[in-house]
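Open the model in your viewer and keep the sequence panel beside it. Each stop below says what to select and what is there.

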Amino acid sequence: GVLDVDGKKFKIDSTIKGKLMDHFRSPKRFSLKIDMKDDKYFKGMSEFSIQKLESRASPYEQIFLSIAKNLGFITPKHYFYEVKFNNSNWGVMNIEENVSKESLELNQFNGELIIQLGDDHNHFIQKKEYYVQPLDMRINLETFPMRFIDFKKIHEKNAFHIDKLRKLEFSKNLRDIFDLDKMCTLALMSLMWVDPHILEFNNSQYAYDKYKLKLEPIPQDVGIGPREIKSSENIPALPREYFNSCSNINISPLIEKIEIALLNSKNAIIELDRTFPLNDQNTFELLQKNISFIKRNISKDDLETIDNRFPIEKLKYSKD
């Protein structure tokens, strides 16, 4: 197809995207993945998604990422644009960057490898067979194949590192190279949000630092807006890999860093809240209360992990 931005035209490939109903429940405003052709870029992006604001819980996705960026995380770009599709006005849509090796370069990250862990097929079987939220995708690292994003682009240059990661996956030692500080910081941010959705392997991508030889999470898909922590009972359990990361380090300095990053993000948070006035909540004050509660009341000994479950691949289903 063609992407027309204020009269400037770009050749593109486009595909339908989205795993859940919010992406395609209506005949208009469905989600699209866009690939720029001829080595062209839009706002510095070679690949991006167009989706309803609902699909990224706007403005809360953008608020979360503004704090994460101040903590040194790699974060995808987000924009809001009025979109017309085949002359049909879809109104304002969310434009989200698909993180690529170019994104890592712009973030001055030492590496090109982006890894995804997760098996959508298992996830959907669980959704069909269970009435409870499936948890295996969050906690059983061994059940998930490792997939490299943009494999064709980065394979030749990164063969040594890809081979090393494949060996770690085969020997079930991949967890040994997680960046503990980044993993635990993201986990603590999810506690401040009172929801661990962003930690699910199915939603996450990880970037490999070729000098540190570490994997760090790329925050994406916060899922919902934050809720107030009223007591320690509101603190959610963590996926095992994130729980283990926090168990092996001192979390107090990380909580302090989150407090500072939240303060540095105050203006951006207030501006995003103003952009969506019907949300009717002071998100900055809410998050400030939550992180203060965590600082006063939560130590790493208070953290809990999601109970393990029988790996989905060992369960038997009827042919139907």
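**Before you start**

This is a predicted model, in which local features need pLDDT of at least 70 and side-chain atom pairs count only at pLDDT 80 or more, while totals for chains, interfaces and linings use all residues. Residues are numbered from 1 along each chain as its sequence is written, and side-chain values use heavy atoms, with hydrogens and water left out.

**Stop 1: the whole chain**

Show the chain as a cartoon. There are 11 helices and 10 strands. Both are DSSP runs numbered from the N terminus: helices are H or I with at least four residues, strands are E with at least two. Of the 320 residues, 51% are buried. Buried means under 20% relative accessible area, exposed means over 50%, and partly exposed lies in between, with a 1.4 Å probe and protein chains only. Take the contacts between residues at least 6 apart in sequence: 73% of them join residues at least 24 apart. A contact means heavy atoms within 4.5 Å.

**Stop 2: the six-stranded sheet**

Select strands S1 to S6. They form an open sheet in the order S1-S2-S3-S4-S6-S5, with antiparallel pairing. Two strands pair if DSSP finds at least two bridges between them. Which strands stand at the edges? They are S1 (2–5) and S5 (78–85); each has a single partner strand, so one side of each is left without a neighbour in the sheet. Neighbouring strands are turned by 40° against each other on average, direction ignored. Such angles run from 0 to 180 degrees between N-to-C directions, and the axes are lines fitted to C-alpha atoms, for helices over the stretch in contact.

Now walk through the pairs.

- S1 and S2 run antiparallel and are joined by four bridges. Pick Val5: its bridge partner in S2 is Lys8. The hairpin has two residues between the strands, and Asp6 there takes a positive phi near 50°.
- S2 and S3 pair in the antiparallel sense over five bridges. Pick Ser14 and look across to Ile34, its bridge partner in S3.
- S4 (residues 47–51) and S6 (residues 88–97) are antiparallel too, with four bridges. Phe48 stands opposite Glu97 in S6.

**Stop 3: the second largest pocket**

Stay with this sheet and select Val2, Leu3, Asp4, Val83 and Lys84. Of the 21 residues that line the second largest pocket, these lie nearest its centre. S1, S2 (8–16), S3 (32–36), S4 and S5 each give two or more residues to the lining. Which element gives the largest share? S5 does, with five residues. The volume of this pocket is about 690 Å³.

How is a pocket found? On a 1 Å grid over the protein atoms alone, a pocket is an open set of points where a 1.4 Å probe fits, with protein on both sides within 12 Å along at least five of seven lines; lining residues have an atom within 4 Å of a point. Grid points are joined across faces, edges and corners, and the volume is the space filled by probe spheres set on the points.

**Stop 4: helix H1**

Select residues 60–70. This is H1, which lies across S5 and S6 and runs at about 145° to S5. H1 is mostly covered, with nine of its 11 residues buried. Among them are Tyr60, Ile63, Phe64 and Leu65. The buried residues pack against S5, S6, H7, H9 (252–264), H10 (266–275) and H11 (283–297). Just after H1, find Gly72, which takes a positive phi of about 85°.

**Stop 5: the four-stranded sheet**

Select strands S7 to S10. Here the order is S8-S7-S9-S10, again an open sheet with antiparallel pairing. S8 (146–148) and S10 (214–218) stand at the edges with a single partner strand each, so one side of each has no neighbour in the sheet. The twist averages 35° from one strand to the next. S9 (residues 205–209) and S10 pair over five bridges. Ala207 stands opposite Glu216 in S10.

**Stop 6: the disulfide**

The cut-off is a pair of cysteine sulfur atoms within 2.5 Å. The torsion about the S-S bond is about 110°, so the disulfide is right-handed. Cys184 lies in H7 (residues 180–193) and Cys246 in H8 (residues 240–247), so the pair ties together parts 62 residues apart in sequence. Are these cysteines buried or exposed? Cys184 and Cys246 are both buried.
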